[in-house]
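Here are a few notes to read alongside the model. Keep the structure open and look for each element as you go.

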Amino acid sequence: MCKDTGYIIIPNENSQPTFKQCECLKKEIVKRQWNNSGINIETATQTFNTFKAWNDSSKVAKETAIEYFQNFKKIRKNKQNSIMLCGQVGSGKTHLSIALAINFMKKGYKVVYMPYRDVITKVKQNMTDEEYYKKTISKYQVAEILLIDDLYKGKINESDINIMFEIINYRYLNRLPIIVSSEFVMERMLNFDEGIGSRIYQMCKDYIIEIEGKENNYRLK
Ligand SMILES: Nc1ncnc2c1ncn2[C@@H]1O[C@H](COP(=O)(O)OP(=O)(O)OP(=O)(O)O)[C@@H](O)[C@H]1O
Ligand SMILES: [Mg+2]
Ligand SMILES: [Zn+2]
């Protein structure tokens with residue numbers, strides 16, 4: 001449609017034509033953002049194939065993630081259209097989240113990666129730059145699918161909560177899906193901040209993967 005220019009020309013009767021980003025350029029931009037976060041989506045090794053169902057919980061986790069992927073088209077517009085992977089460090093939460101992202105992007109969905117801690121730190125450092133703030137927050141608010149990796153990692157204060165609320169509440173109201181990985185199990189997340197927690201719960205409640213127990217740390221295997 002764009003003849004490989006990235007832009008589609010929209011003619012205007014009486015004035016200059018306007019330009020709109022082509023779908024192919026939008027996809028390219030999303031890919032570039034992944035690269036900037038240090039993940040090459042084309043060569044990433046975190047796939048479903050490489051995720052071993054080596055014990056009961058990894059088996060359930062893998063099955064649930066695949067089921068979510070297979071049902072996605074059907075549930076996408078529902079209130080419950082999201083997935084949460086939570087609990088034990090090293091249990092493969094990020095691995096499965098990225099596997100989902102790879103598969104969604106192969107299907108043409110634009111998945112935006114949000115490494116929670118890096119993003120929050122940077123946003124707070126630039127708090128006085130209103131334009132940067134708005135631009136960054138809106139990128140995560142409107143993404144077709146948003147992957148929030150390691151939600152609530154590190155020390156959390158009032159402004160972290162406010163930033164996350166802005167993002168989650170927007171997505172909640174507009175039924176935009178999230179893939180969340182976090183060390184916090186659902187109950188802790190609810191106790192921690194009920195406003196955000198209960199919204200995440202409602203969005204993810206059909207696909208909550210909770211992994212508990214050190215024996216599930218693949219890194220220590
Ligand atoms: N079932 C599995 N099969 C193959 N590799 C796995 C499996 N689970 C985890 N891994 C690998 O172990 C490492 C740790 O996994 P990952 O980073 O996904 O864990 P995590 O749950 O996100 O941990 P953290 O809470 O520290 O972020 C990665 O290299 C991942 O590819
Ligand atoms: Mg992780
Ligand atoms: Zn194009």
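1. A definition to begin with: two strands pair if DSSP finds at least two bridges between them. Helices (H or I, at least four residues) and strands (E, at least two) are DSSP runs, numbered from the N terminus. This is a predicted model, where local features need pLDDT of at least 70 and side-chain atom pairs count only at pLDDT 80 or more. Residues are numbered from 1 along each chain as its sequence is written.

2. Now find Leu85, whose bridge partner in E7 is Ile209. Strand E3 (residues 83–87) and E7 run parallel, joined by four bridges.

3. Step back to the open sheet: five strands, ordered E4-E5-E6-E3-E7, with parallel pairing. E4 and strand E7 (208–211) each have a single partner strand, so one side of each has no neighbour in the sheet.

4. Which strands does helix H3 (residues 93–106) touch? Packing on the sheet, H3 touches E3, E4, E5 and strand E6 (178–182). Contact here means heavy atoms within 4.5 Å.

5. Helix H5 (residues 130–142) has 13 residues. Its buried residues (under 20% relative accessible area, 1.4 Å probe, protein chains only) are Tyr133, Thr136, Ile137, Tyr140 and Gln141. They lie on the same side of H5 because they cover an arc of only 135° around the axis, taken from the directions from the helix axis to the C-beta atoms.

6. The face of H5 turned away from that buried side carries Glu131, Lys134 and Lys135, which are exposed (over 50%). Covering the buried residues are, among others, strand E4 (111–115) and helix H6 (158–173).

Definitions and conventions
Chains are lettered from A and ligands numbered from 1 in the order in which they are written. Side-chain values use heavy atoms; hydrogens and water are left out. The expected span of a helix is 1.5 Å times one less than its number of residues. Axes are lines fitted to C-alpha atoms, for helices over the stretch in contact, and angles run from 0 to 180 degrees between N-to-C directions.
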